[in-house]
Amino acid sequence: MRSPATARQLLRYLPVLPAVLLLLVFLAGPVLWAFHASLTDAGLTGRSARNPSWVGLENYQRLLADPVFPLSVLLTVVFVAGSAVLGQNLLGLALAVLMRRARPLVSAVVGTTVVAAWVLPEIVAAFAAYAYFSGDGTLNQLLGGLGLVRQDWLYAFPMVAVMLANVWRGTAFSMLVYRAALNEVPAEVTEAAQMDGAHGWQRFAFITLPMIRGSITTNLMLITLQTLAVFTLVWVMTAGGPANASTTLPVLAYQEAFKFGDIGYGTAVASVLILIGAAFGLAYVRLLREPRP
């Protein structure tokens, strides 16, 4: 017979039960299906589409022998580190700090401009970025007007163009997170540090940043996982080209599964991406649980 304390503990979890069930149905279900499909020769058409055969780890062995796969892993890491961890995170923090000190009108205009890119549908933002970086796009028109040399940015520097586009679109999220975190920093703490002789950068580095450490880690975790899953932006701008120079793991999974019709191999790529995301998530969760100094 359960004790009253145990019953009360179970009742506390009752409100979150529907959310847990939804996660199991709409998240855990597809993930388990992906891992199962990666162990088969499931195809988009033909016999393997109706009756896929069990092949075990054969698709993962193909991944290890595929020269495009390690390149895709490297490009994915570069894409996440450059456009999320460095680009969106640092730019979002800088904007939040500057907007806090700016006049209300300037802060409102900058905030609206930055958030406008974030609220656009991803496909619209992708076409806008393509129009900006394409050979006859806005960037080259501006360079030509200044008498500078034009470049085919999507051919010569595809990953740089895609990373800049992702920074443009996603910085608003980090900015909003950091604005909320900075507003929670007690003014009396920074004032006390100022009275003790700490300069502006010292107050920011040794007082403000440690106090918003949890928000920094949470933001890094969210934008890392979001950027790992970015597909539409890359596909519309470069389609993974030229010569796989911008083929991240989501693009590789799509190409293998839906362009070449090899669902089993494509889901093997997707399964690796899921594991990478889980590794990042666990690392960030561990950082969140570490006691503050």
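Visitor: How are helix 2 and helix 16 oriented to each other?
Guide: Keep in mind that this is a predicted model. The axes of helix 2 (residues 17-37) and helix 16 (residues 263-289) come within 7 Å and cross at roughly 125 degrees. Angles of 65 to 115 degrees count as roughly perpendicular and those over 145 as roughly antiparallel, so this pair is oblique.

Visitor: And how many charged residues are in the contact of helix 2 with helix 16?
Guide: On the helix 2 side you'll find V31, W33, A34, F35 and A37, facing I263, G264, T267, S271, I274 and L275 of helix 16. By class that gives 8 nonpolar and 3 polar residues, and the charged count is none.

Visitor: What about helix 6 and helix 10: which handedness does their crossing have?
Guide: Helix 6 (residues 104-119) packs on helix 10 (residues 158-183) at about 130 degrees, with the axes 6 Å apart. That angle makes the two helices oblique. As for handedness, helix 6 passes helix 10 in a crossing that is left-handed.

Visitor: Which residues lie nearest the centre of the largest pocket?
Guide: That pocket holds about 300 Å³ of space. Helix 5 (68-101), helix 11 (187-195) and helix 12 (200-211) each supply at least two lining residues. The lining has 6 nonpolar, 4 polar and 4 charged residues. Of its 14 residues, those nearest the centre are R100, R101, T190, R203 and T208.

Notes:
Residues numbered from 1 in each chain as written. Predicted model: local features only at pLDDT ≥ 70, side-chain atom pairs only at ≥ 80, totals over all residues. Heavy atoms only, no water. Axes fitted to C-alpha atoms, helices over the stretch in contact; angles between N-to-C directions. Helix = DSSP H or I, 4+ residues; strand = E, 2+ residues; numbered from the N terminus. Parallel < 35°, antiparallel > 145°, perpendicular 65-115°, else oblique. Left-handed = near helix turned anticlockwise from the far one by under 90°. 1 Å grid on protein atoms, 1.4 Å probe; cavity = no way out; pocket = protein on both sides within 12 Å on 5 of 7 lines; lining within 4 Å. Points joined across faces, edges and corners; volume = space filled by probe spheres on them. Nonpolar A, V, L, I, M, F, W, Y, C, P; charged D, E, K, R; others polar. Contact = heavy atoms within 4.5 Å.
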